[in-house]
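Subject: Structure handover

Dear colleague,

Here is the structure I said I would pass on. My notes on it follow below.

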Number of protein chains: 2
Amino acid sequence: MRERGVHAFSLRECARRAGVTHSAPGHHFGDITGLLTEVAARGFERLTARMRAERGDAEGSSALHRIGRGYVAFAVSDPVIFLLMFHSDRVDRGNPKLQSAGAEAFGELVSAVAAATGKSSRDEDALRFAWSGVHGMAMLLIDRRLKPAPGERASDPLALAEGTIARIVHTIATFR
Amino acid sequence: MRERGVHAFSLRECARRAGVTHSAPGHHFGDITGLLTEVAARGFERLTARMRAERGDAEGSSALHRIGRGYVAFAVSDPVIFLLMFHSDRVDRGNPKLQSAGAEAFGELVSAVAAATGKSSRDEDALRFAWSGVHGMAMLLIDRRLKPAPGERASDPLALAEGTIARIVHTIATFR
DNA sequence: CGGATGATCTTTCCAGTGTCAAGATAGAAG
DNA sequence: CTTCTATCTTGACACTGGAAAGATCATCCG
């Protein structure tokens, strides 16, 4: 999948590399959607882990900044899986494991936003704002749609995100 | 494509519905990537038209708000094509027609951001912030990942975006 | 010990797919 | 009247996902 994109992924090639016959995968995952759904679910688990690691024990708006950085970093480091997780029409969105893995990742964002706003009750507006900004950043970076400003180094795509993330966090921290 | 997603699109079924034989499309578009690329390019032309129509003759930060609304509205009204345009691995990103159509759509955003900031020189930070926010909003709405706040009607997905777009625009208008 | 059970994988088959090469058709150009 | 070009067809090939049926084998239970 990483080599040639989701569309080029094939059960048979997958089985070949695993050293089994072409219908062994079908036995374990039902069909190709089942397999991709499992891969996506594990992707969400990895996203959660990445965000937690990046957050560490940070508090306040620093926590949100780091969660955002972890989110974008994960997307950039594994773009094909990230796209599969969020925007592929080849996964089963109703799958319970996928849903709960997604919800857990989302929970990290919720708690970080709460840390940044200092509010006890969930602020849906702040959540939407934060998620949209960070997710859009991730998607645009994946597609290499953002160009470095004049004088800015482009070597690390994450560096391009840093300023925007800071701006998002700052805006949220001053939400009223 | 709209009926069953990009992954289920088939040249042969396409030809069947067009009333021609299975390899007529190949003659016109080379291969399936060529056809999808053409569809994506026309998608960008429609996106541009949609944003222009929504902007009308608005000026200042109102212009940016409307451009953002047009962007999101297009994405929500034709999600499969929007996804194809931005994040499919089945289009040829190097295609000149696709690139120029994309650049023209981007130009609308650039000019709207300039209108909102009032700056004459292009502000890359503001651009990134605006584009990330609006694009992320569009993607999350497409995937139905945003839930209405308590007491908020969910009937129209665009309504969920309105507040966030306003917040983005306001933040940009006060960029310094 | 010995049979039942269930998990894992294989074999075989089918309809469907993208792509290619070669040919047909027909209108326009000269 | 010939040539050219665009459009499409015919026929073939290797590949795909999936279904059905069977093989192998460890484990459990009496």
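A helix here is a DSSP run of type H or I with at least four residues, and helices are numbered from the N terminus. Keep in mind that this is a predicted model.

With that numbering, helix H7 of chain A covers residues 124–142. H7(A) has 19 residues and spans 26 Å from its first C-alpha to its last, close to the 27 Å expected at 1.5 Å a residue.

Is H7(A) enclosed or open? Of its 19 residues, 16 are buried, so H7(A) is largely enclosed by the rest of the structure.

One of the partners of H7(A) is helix H7 of chain B, also residues 124–142; the two axes come within 6 Å and cross at roughly 95°. H7(A) is therefore roughly perpendicular to H7(B). By class, this contact has 10 nonpolar and 8 polar residues, and no charged ones. The residues that meet include Trp131(A), His135(A) and Met139(A) from H7(A), and Trp131(B), His135(B) and Met139(B) from H7(B).

The other site is DNA strand D, with 17 residues around it. Those that come nearest are Leu11(A), Asp31(A), Ile32(A), Val20(B) and Thr21(B). Two or more residues each are given to this surface by helix H1 (11–18) and helix H3 (32–55) of chain A, and by helix H2 (24–29) of chain B. By class, the surface near DNA strand D has 10 polar, 4 nonpolar and 3 charged residues.

Regards

Definitions and conventions:
Residues are numbered from 1 along each chain as its sequence is written. Chains are lettered from A and ligands numbered from 1 in the order in which they are written. This is a predicted model: local features need pLDDT of at least 70, side-chain atom pairs count only at pLDDT 80 or more; totals for chains, interfaces and linings use all residues. A residue is near a molecule or strand if its C-beta atom, placed from the backbone, lies within 6 Å of it. Ala, Val, Leu, Ile, Met, Phe, Trp, Tyr, Cys and Pro count as nonpolar, Asp, Glu, Lys and Arg as charged, and the others, Gly among them, as polar. The expected span of a helix is 1.5 Å times one less than its number of residues. A residue is buried if 20 or more other C-beta atoms lie within 10 Å of its own, exposed if 12 or fewer, and partly exposed in between; C-beta atoms are placed from the backbone. Axes are lines fitted to C-alpha atoms, for helices over the stretch in contact, and angles run from 0 to 180 degrees between N-to-C directions. Angles under 35 degrees count as roughly parallel, over 145 as roughly antiparallel, 65 to 115 as roughly perpendicular and the rest as oblique. Two residues are in contact if their C-beta atoms, placed from the backbone, lie within 7 Å.
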